[in-house]
Amino acid sequence: MAKINRVLISLSDKTGAVEFAKGLSEFGVQFLSTGGTATILRNAGLNVMDVSEYTGFPEMLDGRVKTLHPKVHGGLLGLRGKPEHVETMKKFGIETIDMVVVNLYPFKQTIEKQDCTFEDAIENIDIGGPTMLRSASKNFQSVTVVIDPADYGKVLEEMRENGGEVSYKTNMELAYKVFKTTSEYDKMISDYLEKRI
């Protein structure tokens with residue numbers, strides 16, 4: 001079982017995000033977030049720390065670099081049961097991140113627009129999102145990763161039944177969904193670029 005104490009939430013599709021976050025707040029979790037997601041959570045009365053405050057680095061390069069930082073990926077990939085990892089994380093001030101709630105830039109919706117330019121398409125290739133999702137999914141024994149709003153209810157229900165924890169089985173199912181989704185996302189991008197070579 002994975003106990004949820006710290007949640008990183010950064011969403012393009014914010015459907016159900018506030019309700020889910022309010023449900024998570026019942027467990028006293030700390031929220032890390034970025035941009036528009038942080039704003040809607042704050043507006044809903046939730047206490048949120050900006051990822052830039054957590055990492056000590058501002059969002060930069062027109063928002064292209066927000067979450068690509070060792071304090072984020074170390075917090076996702078660090079093995080909780082491995083003393084060397086725990087020691088390294090402590091040394092560098094890396095705290096564990098127990099849940100990632102992320103969905104991807106709307107590449108498909110962007111390229112389907114009649115007036116979509118090549119530049120628009122390229123800017124809607126998500127880099128930080130898939131990277132966080134894959135980091136969290138690789139460490140699914142300890143990290144719950146939610147890419148689909150359809151899973152919000154299931155995750156909350158399980159946490160309520162298990163004192164704020166999510167099971168190995170559920171975490172593995174959610175990790176599978178991430179790798180399936182990101183592989184389809186990458187194929188869509190490669191197909192788009194192939195037509196323009």
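Modeller: Start with M159, which sits in helix 9. Helices (H or I, at least four residues) and strands (E, at least two) are DSSP runs, numbered from the N terminus. This is a predicted model: local features need pLDDT of at least 70, side-chain atom pairs count only at pLDDT 80 or more, and totals for chains, interfaces and linings use all residues. Residues are numbered from 1 along each chain as its sequence is written, and side-chain values use heavy atoms, with hydrogens and water left out.

M159 has 0% relative accessibility, so it counts as buried. Buried means under 20% relative accessible area, exposed over 50%, and partly exposed in between (1.4 Å probe, protein chains only). Leaving aside residues up to four places away in sequence, M159 touches I4, L24, F27, M99, G164, E165 and V166. Contact means heavy atoms within 4.5 Å. K3 is 156 residues from M159 along the chain, yet their C-alpha atoms are separated by 8.6 Å.

Now the helix itself. Helix 9 spans residues 152–161, and Y152, V155, L156, E158 and M159 are buried in it. These residues lie on the same side of helix 9, because they cover an arc of only 165° around the axis. That arc is taken from the directions from the helix axis to the C-beta atoms. The cover over them includes helix 1 (17–25), strand 5 (99–102), strand 6 (144–146), strand 7 (165–166) and helix 10 (168–194). After helix 9 comes G163, with a positive phi near 60°.

Next, strand 5, one of the covering elements. Both of its faces are covered. M99 and V101 are buried on one side, V100 and V102 on the other. M99 is also one of the contacts of M159. Strand 5 pairs with strand 6 in the parallel sense, over three bridges. Two strands pair if DSSP finds at least two bridges between them. In this pairing M99 stands opposite T144. Strand 5 also pairs with strand 2 (residues 6–10), again in the parallel sense, over four bridges. There S10 stands opposite V102.

Follow the pairing on from strand 2. Strand 2 and strand 3 (residues 30–33) run parallel over four bridges, with R6 opposite Q30. From strand 2 the chain crosses through helix 1 to strand 3, in a right-handed β-α-β crossover. Right-handed means that, with the strands pointing away from the viewer, the path from the first strand over the helix to the second runs clockwise. Strand 3 is joined to strand 4 (residues 48–50) by three bridges, also parallel. F31 stands opposite V48. Strand 3, helix 2 (residues 35–43) and strand 4 form a right-handed β-α-β unit.

Last, helix 10, another element that covers helix 9. Helix 10 gives four residues to the lining of the second largest pocket, the largest share. Helix 10 and helix 6 (107–111) each supply at least two residues of that lining.
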